[in-house]
Amino acid sequence: MHITLLLLVTAATLPAPVRHALDTQFPQARVTRVEKESSQRWEVALQDASGAFEVTFDGSGRVLVEERVVKIDEVPAAVLKRARSVGEVERCERVSTHDKVTWEVVVRSHGARVELELGADGALLQRSAATE
């Protein structure tokens, strides 16, 4: 069994490079939660005019991952087609890293919630039980 320990911290206790990245890259966003995932990795939940999203930073302030809930009309047609072939779409997130964008889609299929990670072309990258 693998256990991950997350430490909740405040924005004020983030390393200076991470605080600087927040201030410069997301100036209109309000911090709603901060989790220290490891000694050099922080996940910050933010809220701005477009909605809620999460950004994971390394200790130097570099954005590793940005996850943003999006509306159905913002999702590529190939992603929606694949997701709808599995079940009823409940939620879509655009997941951006420094070199690619993938889509996390939660669907309800036969009474169970399933999370699909899909490429922009609709290719299935991963399928798992939805945790949220």
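Hi everyone, this is a short walk through three residues of one structure: E43, E93 and S109.

A word on the source: this is a predicted model, where local features need pLDDT of at least 70, side-chain atom pairs count only at pLDDT 80 or more, and totals for chains, interfaces and linings use all residues. Residues are numbered from 1 along each chain as its sequence is written, and side-chain values use heavy atoms, with hydrogens and water left out.

Let's start with E43, which sits in strand 3, residues 41-48 (strands are DSSP runs of E, at least two residues, numbered from the N terminus). E43 is buried, at 10% relative accessible area (buried means under 20%, with a 1.4 Å probe and protein chains only). What does the side chain of E43 make a polar contact with? Its partner is the side chain of R33, at 2.9 Å (a polar contact is a pair of N or O atoms within 3.5 Å, one able to donate a hydrogen and the other to accept it; residues adjacent in sequence count only if both atoms are side-chain atoms). Beyond four places in sequence, E43 is in contact with residues including V34, E54 and E67 (contact means heavy atoms within 4.5 Å).

On to E93, in strand 6, residues 88-97. E93 is buried too, with 10% relative accessibility. Its side chain makes a polar contact with the side chain of R91, at 3.4 Å. Among its contacts beyond four places are E67, V69 and W103.

Last, S109, in strand 7, residues 101-109, is buried at 10%. A polar atom of its side chain lies 3.0 Å from the backbone oxygen of V86. Beyond four places, S109 touches V86, G87 and V114. Thanks, everyone!

Technical notes
Helix = DSSP H or I, 4+ residues; strand = E, 2+ residues; numbered from the N terminus. Buried < 20%, exposed > 50% of the residue type's maximum accessible area, 1.4 Å probe, protein only.
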